Amino acid sequence: MLTCSFCGLEAKSVSALLAGPEVNICDRCIDVGVRTIATRDALEQPDRSSPVLEKIGDEALLHEMAATSKLVDKARDRLQSQIRELRHNGVDWTAIGAALGVSHQTAQERFG
């Protein structure tokens, strides 16, 4: 039986499973990867002091800022949903905090 090498789900449990040499990845894990790369790329945008942004102009920068704000809101909602699911599954605040790089108390205060 083929399973996803990342999450362990069986092929019959997912919509698609891409098989490679000794590695398989399901559509769900691909989706997580795509979102991770998009978030990384968005976070790596140059800051305001960058000469690139100075050349863009205020109108374009305002438009980009609105798009960035929407991305941040989506990421915040996604993070809150993930934490809610983890808590529902019995994962404790210590593990959640460790994954976020903060103390269990900070994680609970911020997301509890």
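In the predicted model, N24 is buried, its relative accessible area of 11% falling under the 20% cut-off. The residue belongs to strand 2, which covers residues 24-26. Its side chain reaches the backbone oxygen of T3, at 3.1 Å. Leaving aside residues up to four places away in sequence, N24 touches L2, T3, C4, S5, F6, L17, L18 and A19.

Read from the N terminus, the order of the elements is β-β-α-α-α-α-α. The protein chain has 112 residues, of which 12% count as buried. Among its contacts with a separation of 6 or more, 8% are between residues 24 or more positions apart.

Helix 4 spans residues 93-100, and its buried residues are W93, I96 and G97. Viewed down the axis of helix 4, these residues fall within an arc of 100°, so they line one face of the helix. In an α-helix there are 3.6 residues a turn, so residues three or four places apart point the same way. The face of helix 4 turned away from the buried side carries A98 and A99, both of them exposed. The cover over the buried residues of helix 4 includes helix 3 (58-88) and helix 5 (104-111). Just after helix 4, G101 adopts a positive phi of about 75°.

The packing of helix 4 on helix 5 was examined next. Two packed helices are described by the angle between their axes and the distance between the axes. For helix 4 and helix 5, the angle is about 95° and the axes lie 7 Å apart. An angle of 65 to 115 degrees counts as roughly perpendicular, and helix 4 and helix 5 are therefore roughly perpendicular to each other. On the helix 4 side, the contact is formed by W93, T94, I96, G97 and L100, which meet H104, A107, Q108 and F111 of helix 5. By class, the residues of this contact divide into five nonpolar, four polar and no charged. W93, I96 and G97, the buried residues of helix 4, are among those that meet helix 5.

Terms used
Residues are numbered from 1 along each chain as its sequence is written. This is a predicted model: local features need pLDDT of at least 70, side-chain atom pairs count only at pLDDT 80 or more; totals for chains, interfaces and linings use all residues. Side-chain values use heavy atoms; hydrogens and water are left out. Helices (H or I, at least four residues) and strands (E, at least two) are DSSP runs, numbered from the N terminus. Buried means under 20% relative accessible area, exposed over 50%, partly exposed in between (1.4 Å probe, protein chains only). A polar contact is a pair of N or O atoms within 3.5 Å; within protein, one must be able to donate a hydrogen and the other to accept it, and residues adjacent in sequence count only if both atoms are side-chain atoms. Contact means heavy atoms within 4.5 Å. The arc is that of the directions from the helix axis to the C-beta atoms. Axes are lines fitted to C-alpha atoms, for helices over the stretch in contact, and angles run from 0 to 180 degrees between N-to-C directions. Angles under 35 degrees count as roughly parallel, over 145 as roughly antiparallel, 65 to 115 as roughly perpendicular and the rest as oblique. Ala, Val, Leu, Ile, Met, Phe, Trp, Tyr, Cys and Pro count as nonpolar, Asp, Glu, Lys and Arg as charged, and the others, Gly among them, as polar.
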